[in-house]
Amino acid sequence: MRDILGSERINVITDGLFGGNPHPRVYGAFPRVLDKYVREADLMSLEEAVRKMTSLPARSMGLDTKGFFRPGMDADLVVFDPDIFSSPATYDNPRQHPKGIYHVLVDGEFVVRDGETTGAAPARRSGRRVRVRVSSRRRPQWPQCRPARAGP
């Protein structure tokens with residue numbers, strides 16, 4: 001796991017589902033990465049972990065308006081305390097929200113404000129569907145390192 005997560009090309013995502021009795025990763029996948037692999041194991045920096053959970057998977061999946069905070073992008077933001085961000089979710093009690101999250105905005109609308117859910121569901125309410133490009137023939141295009149050109 002350390003070798004895999006240590007690669008700069010590895011995305012950190014989850015495929016957990018909310019229905020029924022969910023796996024604890026539904027509520028705790030990303031806090032676990034920060035808790036176990038950033039704070040405890042010092043396997044990667046906080047910045048690298050956030051990149052692996054945001055812009056890298058967005059680019060890999062062709063989600064062109066996700067993963068970065070800049071003009072023209074969707075306003076999806078999470079404000080959290082990296083020192084206490086963790087998940088109390090367990091197999092016996094998986095539906096526990098992570099600790100240390102103060103605000104979550106989806107499309108610029110608060111879904112968590114001051115640590116409390118707001119009931120808003122902007123992505124669902126807008127009727128917008130995200131199209132994910134998946135093809136067994138198309139390999140992800142990884143950024144290539146090229147030497148800088150000399151001259152103007």
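# A walk through the predicted model

The axes of helix 2 and helix 3 come within 11 Å of each other and cross at roughly 150 degrees. Two packed helices are described by just these quantities, the angle between their axes and the distance between the axes. An angle over 145 degrees counts as roughly antiparallel. Helix 2 and helix 3 are therefore roughly antiparallel to each other. The crossing of helix 2 past helix 3 is right-handed.

Which residues make this contact? Helix 2 brings Phe-30, Val-33, Leu-34 and Val-38. Helix 3 brings Leu-46, Ala-49 and Met-53. Seven residues of the contact are nonpolar, none is polar and none is charged.

Now step back to the whole chain. This is a predicted model. The protein has 152 residues, and 26% of them count as buried. It holds five helices and four strands. Along the sequence the pattern reads α-α-α-α-β-β-β-β-α. Take the contacts with a separation of 6 or more: residues 24 or more positions apart account for 47% of them.

The core comes next. The largest nonpolar core has 14 residues. Val-33, Leu-34, Met-44, Ala-49 and Met-53 have the most contacts inside it. Which elements each supply at least two residues of this core? They are helix 2 (25-40), helix 3 (46-53), strand 2 (101-106) and strand 3 (109-113). The largest share, four residues, comes from helix 2.

Ala-49 ties these two pictures together. It is among the residues with the most contacts inside the core, and it is also part of the contact between helix 2 and helix 3. Not counting residues up to four places away in sequence, Ala-49 touches Val-33, Leu-34, Val-38 and Met-44.

Between helix 2 and helix 3 runs a loop, and Asp-42 is found there. Is Asp-42 buried or exposed? Its relative accessibility is 61%, and the cut-off for exposed is over 50%. Asp-42 therefore counts as exposed. Its backbone is worth a look. Most residues other than glycine have a negative phi. Asp-42 is not a glycine, yet its phi is positive, at about 50 degrees.

Asp-114 is exposed, because its relative accessible area is 59% and the cut-off is over 50%.

Move on past helix 3. Thr-54 lies in the loop between helix 3 and helix 4. At 32% relative accessibility, Thr-54 counts as partly exposed. Thr-54 and Asn-11 are 43 residues apart along the chain, and their C-alpha atoms are separated by 8.5 Å.

Helix 4 covers residues 55-60, and Ser-55 lies in it. Ser-55 has a relative accessible area of 10%; buried means under 20%, so Ser-55 is buried. What does Ser-55 contact, leaving aside its neighbours within four places in sequence? The partners are Gly-67 and Phe-68.

The last stop is the loop between strand 1 (77-80) and strand 2, where Ser-86 lies. Asp-81 lies in the loop between strand 1 and strand 2 too. Take Asp-81 to begin with. Its relative accessible area is 21%, and the cut-off for buried is under 20%, so Asp-81 is partly exposed.

Leaving aside neighbours within four places in sequence, Ser-86 is in contact with Pro-31, Asp-35, Arg-39, Pro-98 and Lys-99.

Definitions and conventions:
Residues numbered from 1 in each chain as written. Predicted model: local features only at pLDDT ≥ 70, side-chain atom pairs only at ≥ 80, totals over all residues. Heavy atoms only, no water. Buried < 20%, exposed > 50% of the residue type's maximum accessible area, 1.4 Å probe, protein only. Contact = heavy atoms within 4.5 Å. Core = buried A, V, L, I, M, F, W, Y, C linked by side-chain atoms within 4.5 Å. Axes fitted to C-alpha atoms, helices over the stretch in contact; angles between N-to-C directions. Parallel < 35°, antiparallel > 145°, perpendicular 65-115°, else oblique. Left-handed = near helix turned anticlockwise from the far one by under 90°. Nonpolar A, V, L, I, M, F, W, Y, C, P; charged D, E, K, R; others polar.
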